[in-house]
Amino acid sequence: MKTSARITTRDATRAATGTPGKHRPAPVRRRRGRLRAAAFRWLVLVVLVAVWEAATRVAGSTFFPPPSTIVTRMHAMWFSGPPGRLFLTDLAVDNILPSLGRMAAGFAGGALAGVALGLALGLSSRTYDYLDGVLQFLRAIPPPALVTVFLVVFGFGLRMQLAFIMFSIVWPVLLNTADGARSVEPLHLQTCQVFRLSRAERLIRVVLPSALPKMFAGLRLALSLSLIVMVFAELLPGTTNGIGFQLTDAYSTFDLPAMWAAIVLLGVLGYLLNEVFLIVERRVLAWHHAATQTAG
Amino acid sequence: SSGGTTTASAPPSASASGGLEKTKLKIATLPAIDSAALYVAIDQKLFEQEGLEVTPQVVQAAPEAIPMLLNGEIDAMFGNYVSMFAAHDKQALKLRILAEGSRAAPDSLSIMALPGSPIKTAKDLEGKTINVNVLHNFQELALTQVLKANNVDPGTIKYVPVTFQNIMSSWKGGQIDAAYLGEPMVTAATSAMGARKILDPASGPAAEFPISGYVSTQEWYDKNPKVSAAFQRAIHNAAKLMENNREVVAKVLPTFTQIDAATAATVTFPFFSSNDNPVRLQRVADWMLEAKWLMKAIDVKSLMSPTTSG
Amino acid sequence: MLEIDNLSHVYGGGSPNAHHAIEGLNLSVAEGELLCIVGPSGCGKSTLLRSIAGLITPTGGQVRVEGELVRQTPDNLAVVFQDYSRSLFPWMSVADNVALPLRRKSMDKRQRREAAQEALDSVGLSGAGRKYPFQLSGGMQQRVAIARALAYRPTLMLMDEPFGSVDAQTREDLEDLVLKVRGHHQMTIVLITHDIDESVYVGDRVVVLSKAPAHVVGDLKVSLPGPRDQITTREHPDFVHLRAEVGRLVRGHATV
Amino acid sequence: MLEIDNLSHVYGGGSPNAHHAIEGLNLSVAEGELLCIVGPSGCGKSTLLRSIAGLITPTGGQVRVEGELVRQTPDNLAVVFQDYSRSLFPWMSVADNVALPLRRKSMDKRQRREAAQEALDSVGLSGAGRKYPFQLSGGMQQRVAIARALAYRPTLMLMDEPFGSVDAQTREDLEDLVLKVRGHHQMTIVLITHDIDESVYVGDRVVVLSKAPAHVVGDLKVSLPGPRDQITTREHPDFVHLRAEVGRLVRGHATV
Amino acid sequence: MSAQSLAPVRPATSATRWSRRAAGALAFASLIELLSRTGLVDPEILPPATEIVGRAITLMSDPLFHAHALTSLLAWAIGLGLATVLAVPLGLLLGSVPIIDAATRSVVEFLRPIPSVALIPLVALVIGTGLQLRVTLVVYASLWPILYNTMYGLRGVDPVAKETLRSYGFGRLSVLLRVSLPSSAPFITTGFRLAAGVALILTVSTEIVAGRGEGIGVFIFFAGIAVPARMTDILAGVFWVGLFGVLVNALLVAGERRAFRWHHARLGEQG
Ligand SMILES: Nc1ncnc2c1ncn2[C@@H]1O[C@H](COP(=O)(O)OP(=O)(O)OP(=O)(O)O)[C@@H](O)[C@H]1O
Ligand SMILES: Nc1ncnc2c1ncn2[C@@H]1O[C@H](COP(=O)(O)OP(=O)(O)OP(=O)(O)O)[C@@H](O)[C@H]1O
Ligand SMILES: [Mg+2]
Ligand SMILES: [Mg+2]
């Protein structure tokens, strides 16, 4: 039994100095694969944009301006500002930033509420029973029908917008979290029970990590949903700025390149947010990816 | 109760339909008093006399009908000029005005304040928040002119978009200082809330301000000149009929708006145009250019058809 | 320490494919005793263990630990599950897996880490603390589960075939480890095994269960002289005799 | 049948905690042979087995099955995984679990069902076909995994500690079952076990692996007379001798 | 008790569970009644719950309302069906072939956050404004929950289970269909339940924003533009939509319990 320590150190040195030989070690392969995927991805993107440009030029419809026109418009509207302000124009500062703020706050609030409620529902069948009906009812309600009620309860502006965003994005997080919390490996729970872990420990150290993969699916849905709902929220009475506001204002005055500029901006934002999200997810769920990968 | 799809059911008489390019028309309308002429024309069988069978399609806002116009789902639409000119200016569509529709009548639009409000005169509106349906529309355009005429700086007004359904609650909630109302809300606010009228946006320079008309695309017009003329005649004849006859209007209102018969009997109607007048319509285009809502001037006369009704 | 009184358990009670796993089982274990349970596959050993741990509510009879009726999991109890690979938490490193239950003890972080490391050393996994369970071989995972239970220092330890996946040499070392720990910390241990030699070698007593529904068909006291030793004990005539005896009892109730 | 040539495998290659599981391992198995592999826990036995099954691509060397380089899983191969409980599909009944691989054979539904039932009968689980895996005990689940592999009638069968969770009597029966099936259907079998007696009893050859990184440290031909029999074979002097020999080789390389 | 402390406390009977649900609903209704009756919220905006439910019941015998409801139902069902038929195979593809996922991700992630309001005029222009517009928007919105839950579900599949089938010589597709799909099915259906809700919301919202002819949303829209707005009608419409959502969810949950007995039984839940 005492030899073991020696053995493992020897193993470690051998591993460190070991020559991989003629075969390529796995990470190199993996890195290559990732590079190839990235290159492929850009290629697909470039081809699609080219096709889009060609198609819109051929069609010549005012409603579908070519991407070059859209990009020019985006530049003129938002990104031709002074370098000191990261090239943002006044219009960008007045519209994009408030939108992002709303989205971020709404997402944070909604995600938090979704996780908390989802865990409560997933953990306690009693809570689940009491709330299930009401939550399912609320989940099915189209928010536009409730604008008037929201308006009276929350008043104009930010509070109402946030409530609106949160109310809309909470559901995917809630349902997926509850599902995750309800399908924890039973032997894990029994292990907790045997070692008499407190409720809080059980929640934080076992239920939450096992629910995380499913929770992340919900969060990823909620993230792009929060962008969408942000646009809806900026249609609400009393809104006078934001990407969504610009978008609808552009359409009501038939400034179609401006409308498309807003659409493309939303797409780009969604894409970027998703990339950031994936980075976070890869870190948080590293164990999950590694453990569920088929060996080799 | 809510569809408002009254269809002219009688078949066109053989004599009347002679020479028309087509006889069945689909026209987009709004669930608002302004569209009444079309419904009166249907109700009074004026289209039938012209050999037309018109089916109205209620849409919720005019910009929504433009794609329908472009892809041929509808033949023509009822829309406000500000939107239509903007669309024309941005080349979203080549506009053709088939017939004028409504003009603002005194007291059909109103800037109002609640009884306890410190706003008493037009001057008090400076720096205040006022609702509009959407930004950059005819409400703003007309009010700007009227304010200027009243020595109020229109630049100080803060406009916020509030959808129709939510005006009352945001007004009561203090989120807007004064409300920009149209009928039937003017009547309702006066009687139910004791609201006071501060200013009539359709007075002075904006008196009889043209709001909406019946439009199609230039392409459609070129293909259907006779239908266009027949359509215009029917609308104009309806307007003439409506001029001194509240009842014909009140009768149709409940069929396509949410105005009940009792209210219909008391609300103030806009003017329904029984002839087309390029001069007063040119004002709208000029004001839009002045407000920089248009990139270049529009010669409204070139978009209009000759009046064929007497 | 542990009294089991007329225990019965039926799975899926009421339904047509209800299964009588245990019926009228009586057993008592004294403080500090190491009891081995052997019995045919599927007879109800794991079910018995789960009843003791309060993980299932038996459909009949009673289990008492230190005089108290088991309704929930008793304090200071540890279980090494048969399905060890599923009982490890995949999102935690091996060291964290071992240290987790120690949060219930009044130990600070450093102490927990040290205790975990010590337990890992004792099962021959000194270098594996930083790894994740999926990076370990089957036998190594099983040893992690053992280390977790050992580090916890329970007063009652339940082990369900804890040495099934390790090689002969390691198995013997682990058997001796359990004997040593038991001696030092006055644990009561109930150990399920299929290895008849093992049951006689480590047990103070060996209980043989019948095939399903399980009840006790044999209860043998193992009285071997002196401290046990892998070579001399196994050569002792009493050992050979007891082993044969247990073998006969088990064989009388096999499944195939 | 099976040739392994200078096989190496490194887990997590390149990273600081890379692990050399196998290094320079050579081995060949003749058609119809039953090879037992023994070796210390964590040495790389399962890794070797996965390389043969084409489930991992070894970082060095080659595996050939019937002369062909293994890149993907070779045809007509069955594996009994060490982690048997995770290799059963929880959404299928036991019978469906056993019958599933038979879809690869040209068998109709009835034939598949019969073959599955027959295999279940042979491992002593006649009545369990309709149950779901979670309703079975550990040892029963293990036997389902064995039944699944047997029903498939592979030409090469890889078994990773297949009898670890069953009682002594059942274990012996299963050993004999494997011997019988091998004889009838000309299978080649590679069986990993920790039980030295078992390796000598069932094996035509026993290969002993070193501790990690694994390579062959012993390769013994088992030539016992006549058909094997649990009692006479185990008493045969050659058996006793071989067992001691394997034991010595394994003990020379234990981990704890 | 908590669902996870498994054994000791006896699980609630289905009667208690239903009465708890009813109690929850009743509490919610009472809250609305209270808010309205006390005037905490303007009763003209939020009428008492009894009034809303009363109106909802009278609507039940209104043939016009039936027509509205049926139209919405049709758009919902077609949209959701199409979304499922598209999303599950797509999710399987993206979840199991990383290179395709990587290649299409930029496009997919770019498209996803584009709000349907922005799309309405464009879609209307291209495909017209009838049922097809609603269905398109419903598909576009309810695709994602199913797609993502499928992709994430695939990731959670036990590798040993996959290897088992691979070792018997089954190809990638078989492993996908026979192991990955069933094992992630419970999570995919959670996605479907989410999508059913999203589809309902989108159907009605599209009708409210751009509906013509019939539909619950159109009914709600017209009630909203009346002066004063007919809040009771709006909320009665909302009540039916919500109740339909509850019903659909309950049916799906019951279906899940039946179809995934192995899942729930293993997790020790009553079902
Ligand atoms: N996915 C993995 N990543 C990193 N290391 C691994 C992985 N799988 C196995 N190992 C390491 O490789 C070594 C050999 O593992 P393997 O499972 O082949 O052992 P084994 O001989 O089967 O042991 P046992 O008898 O305990 O099952 C072990 O030290 C283990 O830690
Ligand atoms: N959740 C369950 N539902 C229904 N039957 C079950 C369940 N768990 C176990 N059983 C049945 O109860 C019997 C006893 O199971 P148990 O796990 O206690 O056996 P065991 O003695 O531990 O066997 P092994 O040595 O094979 O692990 C078995 O026949 C099994 O089929
Ligand atoms: Mg067991
Ligand atoms: Mg192994």
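Predicted model: local features only at pLDDT ≥ 70, side-chain atom pairs only at ≥ 80, totals over all residues.
Local features require pLDDT of at least 70 and side-chain atom pairs pLDDT 80 or more, whereas totals for chains, interfaces and linings use all residues; side-chain values use heavy atoms, with hydrogens and water left out. Residues are numbered from 1 along each chain as its sequence is written, while chains are lettered from A and ligands numbered from 1 in the order in which they are written.

**Ligand 1.** Residues from chains C and D surround this ligand, so the site is shared between chains. The shell (residues with a heavy atom within 4 Å of the molecule) holds 20 residues, of which C:Gln135, C:Ser137, D:Lys45, D:Ser46 and D:Thr47 come nearest. At least two shell residues are supplied by each of α5 (138–152) of chain C, β2 (19–29) of chain D and α1 (45–52) of chain D; helices (H or I, at least four residues) and strands (E, at least two) are DSSP runs numbered from the N terminus.

**Ligand 2.** Ligand 2 likewise lies between chains C and D. It is surrounded by 21 residues, the closest being C:Lys45, C:Ser46, C:Thr47, D:Ser137 and D:Gly139. Here β2 (19–29) and α1 (45–52) of chain C, and α5 (138–152) of chain D, each contribute at least two residues to the shell.

| Ligand | Residue and part | Distance |
|---|---|---|
| Ligand 1 | D:Gly44, backbone | 2.8 Å |
| Ligand 1 | D:Lys45, backbone | 2.6 Å |
| Ligand 1 | D:His194, side chain | 3.1 Å |
| Ligand 2 | C:Ser41, side chain | 3.0 Å |
| Ligand 2 | D:Gln135, backbone | 2.7 Å |
| Ligand 2 | D:Ser137, side chain | 2.6 Å |

The protein covers 90% of the 640 Å² of accessible area (Shrake-Rupley method, 1.4 Å probe) that ligand 2 has on its own. By class, the shell of ligand 1 has 6 nonpolar, 12 polar and 2 charged residues, and that of ligand 2 has 6 nonpolar, 12 polar and 3 charged residues. Asp, Glu, Lys and Arg count as charged, and Gly is among the polar residues.

**Magnesium site.** The magnesium ion (ligand 4) is coordinated by D:Ser46 (OG) and D:Gln82 (OE1) at 1.9 to 2.2 Å. These two residues link distant parts of the chain, 36 residues apart: D:Ser46 belongs to helix α1 of chain D, and D:Gln82 to the loop between β6 (77–80) and α2 (84–87) of chain D. Donors are N, O and S atoms within 2.8 Å of the metal (3.2 Å for Na, K and Ca), and water is not among the atoms, so sites may look incomplete. D:Gln82 is buried, with a relative accessible area of 16%, where buried means under 20%, exposed over 50% and partly exposed in between.

Note on methods. Polar contact = N/O pair within 3.5 Å; in protein donor to acceptor, adjacent residues only side chain to side chain. Buried < 20%, exposed > 50% of the residue type's maximum accessible area, 1.4 Å probe, protein only.
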